[in-house]
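Please look over the sequence and the structure shown below. The report then takes a few parts in turn.

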Amino acid sequence: MNVLGGILAWFADPAHWSGADGVPVRVAEHLGYCLLATAVATLIALPLGVILGHTGKGGSLAINVSNAGRAIPTFGIVLLAFLVAGAGLLPITVALVLLAVPPILTNTYVAVRGIDRELRDAAEGMGMYGWQVVRQLEVPMAMPLIMAGVRTSAVQVVATATLAAYVTLGGLGRYIFDGLGQRVYAEVAAGAILVAILALAVEFGLSKLQTAVTARGLRSTQRDDPLAAKATAAPA
Amino acid sequence: MRLRTLRVLGALCATLLVMTGCASSGGDPLAQPSEAGGATAGASDGASEGGGEPITVGSVDFNENVILAHIYAGALESEGMTATVEERLGNREAVVPLIERGDINVLPEYSGALLAFLAEGEIEETDPQVVADQLREQTDGEDYTVLEASEAQDVDVLVVTRETAEANDLQVVSDLEGVADQLVIGGPAELETRPNGLPGYEREYGLQFAEFRTTDAAGPVTIESLLNGDIDVARLFSTQAIIEAEDLVVLEEDVPLQLPQQVIPLVSTSVEDQVAETLNRVSSELTTEQLTAMNSAFENDKEDATDIAEEWLADHGF
């Protein structure tokens, strides 16, 4: 059977759409691992990035440390954490969190650090305290870049969560590892395609979320918003 | 379209290309043009000097196979040939094509697994001699062939911890009857579907396990899962050092099911005449006990594969 036909046949088989090894269950498991890891990473990196950006102290050190961490292969971390902690959610979550923290941390730090000095002066001039400056000025101003970091992390996490299957968990990696082991290459390809589609969907969903959580006044200036670009180009 | 979306799309296309590439080339996911391979090809074009063509012994990514590759290379060197070892070139799917291309000339192999691979089908044959004969037929007319098989075997076995064995009075596979439905078995994905995997244990022994959990091919995931109780029965390889080190119990097969896995040299036909005598002598000396002991030296005592191989060669008159 040709390759494309084999992949289509795999998707067309109703047996692949139900039960514990069906696509809906595997997608749900996969999203579960990703959601957990991205949420934990955001809870760590966002406050840390804001504090570092706000105070301006220790920022480059923290970012260098977290970026250096990216040099450790995620595969190695998964396996190491598995050997230390045994089966369960912990190994894959630890590895994915370590993968997801640096983009969020770096973006948050850079975004907060890069806010115009004059805006801070104005906020302080209006009588805002440090915490108020953070909450009412810095975080809203930094939000587009912070969300860009979250999106980068989330897409990487979706692709990498396939490793969960290596340490006896489920998710879409199950198709890839099982297909390789059983030499059913259509299943491997189907798994890879599902991961890619899921990554695109997550990217799309988060871009909607990004718009929703960005202050109204900042939306039109998003540099990568095609509608905004069109709007400014139209009068010419 | 947004830049990042484009990147993701690009990654998707790349993945697809890689996947289709794998499947259409007959399963060769790890094959890569290696520099060493190029060098070998260049060398083999040159004039042969001294002990004939320089030989490159390959090995798959598996400790025991690496030691065997060093034994083969050392034995050839002791006969005055030039032999180098390329370690851990990947899995069988990746390495056998290197022999076809001439990047490597010799590969330590296992009879049953190699036959299943070359025949591109599932083999249900438990007689070592028959498997070796079929293997010879299978390689007829190819660019590679097999030499004499050794008596040393590394077969698939079911293993339990000492506690599980004592609690359920387990010694042979058929002792699992009656308790299998309370036990979780773990192994590589293919164990679930191969005729001599779970379907075989059900067919020959009537065993149905409570659950199958995909771990890995007798690697750290399987071993750790067995030791911490996530699985009760593990599929390991009979010569693994961990069996002795952790006092695990191998369940002997009272009804033959697993393929024989005799260690057997797979060689390019171009060097067959040159290496056959030496490698056949290695095969005639090698035993299962030695394999187990060498694995133990490597994994438990952390000795170097080359040192282990040299010691074996010295002990056997090479």
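## Terms and source

A residue is buried if 20 or more other C-beta atoms lie within 10 Å of its own, exposed if 12 or fewer, and partly exposed in between, with C-beta atoms placed from the backbone. This is a predicted model: local features need pLDDT of at least 70, side-chain atom pairs count only at pLDDT 80 or more, and totals for chains, interfaces and linings use all residues. Residues are numbered from 1 along each chain as its sequence is written, while chains are lettered from A and ligands numbered from 1 in the order in which they are written.

## A buried glycine in chain B

G74(B) sits in helix α3 (residues 63-78) of chain B. Helices (H or I, at least four residues) and strands (E, at least two) are DSSP runs, numbered from the N terminus. G74(B) counts as buried because 21 other C-beta atoms lie within 10 Å.

Set aside the neighbours within four places in sequence. G74(B) then touches A309(B), E310(B), L313(B) and F318(B). Here, contact means that the C-beta atoms, placed from the backbone, lie within 7 Å. D169(B) is 95 residues from G74(B) along the chain, and their C-alpha atoms are 45 Å apart.

## Two crossing helices

The axes of α3(B) and helix α12 (residues 288-299) of chain B come within 10 Å and cross at roughly 105°. Axes are lines fitted to C-alpha atoms, for helices over the stretch in contact, and angles run from 0 to 180 degrees between N-to-C directions. So α3(B) is roughly perpendicular to α12(B). Angles of 65 to 115 degrees count as roughly perpendicular, under 35 as roughly parallel, over 145 as roughly antiparallel and the rest as oblique.

From α3(B), the contact uses N63(B), E64(B) and I67(B); from α12(B), it uses L291(B), M294(B), N295(B), F298(B) and E299(B).

Chain A has 11 helices and zero strands. Of its 236 residues, 44% are buried. Its C-alpha trace spans about 70 × 55 × 25 Å along the principal axes.

Take helix α7 (residues 130-160) of chain A: it spans only 38 Å between its end C-alpha atoms, while a straight helix of 31 residues would span 45 Å at 1.5 Å a residue. That expected span is 1.5 Å times one less than the number of residues. Where is the kink in α7(A)? A kink of about 55° lies at M143(A), shortly before the proline P144(A). The bend at a residue is the angle between axes fitted to the seven residues ending there and the seven starting there. In α7(A), 22 of the 31 residues are buried, so the helix is largely enclosed by the rest of the structure.

Technical notes: Contact = placed C-beta atoms within 7 Å.
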